[in-house]
Amino acid sequence: MHIGAMVDVGVPEQYLKDELSKLPLASEFELKLQNDQKMGITGTLAKVEVSDDVPKPHRHLGDIIEIIQAAGYIKPVEQRAVGIFQALGEAESKIHGIGIEQVHFHEVGATDSIVDIIAAALCLAYLDVDKILCRSVEVGSGMVRCAHGLMPVPAPATAQLLK
């Protein structure tokens, strides 16, 4: 949702696509943007479509940092993207009781998640955002099926991040 919202507030579609094409994963995905409407509200719908034949490795933090650095982004983009994955890695490390270098990302290490997070960093840099404010996050409830099986919502790593 954030990619569409960022485009709606002024990030050019072509800028985003050009910047994402610098990723070593660029052949694995396509960013599709279109006008959409839901319950009477219009906005940009963004989808990161990953090719069916793309392997789905469980990447480690080091693997993801290499992907980000290989793109050659400006420092603020690289630092923000790495910082997001670092925070995720620290949360996973804590709940699994292992070192951060041992954490392997399941869903968040997938191509679409990597693109989503890097797109956030790109958009925030383009808009020259220096401060983000947010009220409490609505996390929902219920259960979600993930690589570790059926988990409560929020899943343990998400709950750890929100502390």
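Analyst: The discussion below concerns a helix pair and the cysteines. This is a predicted model, in which local features need pLDDT of at least 70, side-chain atom pairs count only at pLDDT 80 or more, and totals for chains, interfaces and linings use all residues. Residues are numbered from 1 along each chain as its sequence is written, and side-chain values use heavy atoms, with hydrogens and water left out.

User: Why is α4 called oblique to α5?

Analyst: Helix α4 (residues 75-96) packs against helix α5 (residues 111-126) at an angle of about 135°, and their axes are 8 Å apart. Angles under 35 degrees count as roughly parallel, over 145 as roughly antiparallel, 65 to 115 as roughly perpendicular and the rest as oblique; α4 is therefore oblique to α5.

User: What makes up the contact of α4 with α5, by residue class?

Analyst: Contact means heavy atoms within 4.5 Å. Residues of α4 including Ile84, Phe85 and Leu88 meet residues of α5, among them Ile114, Ile118 and Leu122. The contact residues comprise 12 nonpolar, no polar and one charged.

User: How do you know that Cys123 is in no disulfide?

Analyst: A disulfide is a pair of cysteine sulfur atoms within 2.5 Å. The nearest cysteine sulfur to that of Cys123 belongs to Cys134 and is 17 Å away, so Cys123 is in no disulfide. The structure holds zero disulfides.

User: Are Cys123 and Cys134 buried or exposed?

Analyst: Buried means under 20% relative accessible area, exposed over 50%, and partly exposed in between (1.4 Å probe, protein chains only). Cys123 has 0% and is therefore buried, whereas Cys134 has 63% and is therefore exposed.

Conventions
Axes are lines fitted to C-alpha atoms, for helices over the stretch in contact, and angles run from 0 to 180 degrees between N-to-C directions. Helices (H or I, at least four residues) and strands (E, at least two) are DSSP runs, numbered from the N terminus. Ala, Val, Leu, Ile, Met, Phe, Trp, Tyr, Cys and Pro count as nonpolar, Asp, Glu, Lys and Arg as charged, and the others, Gly among them, as polar.
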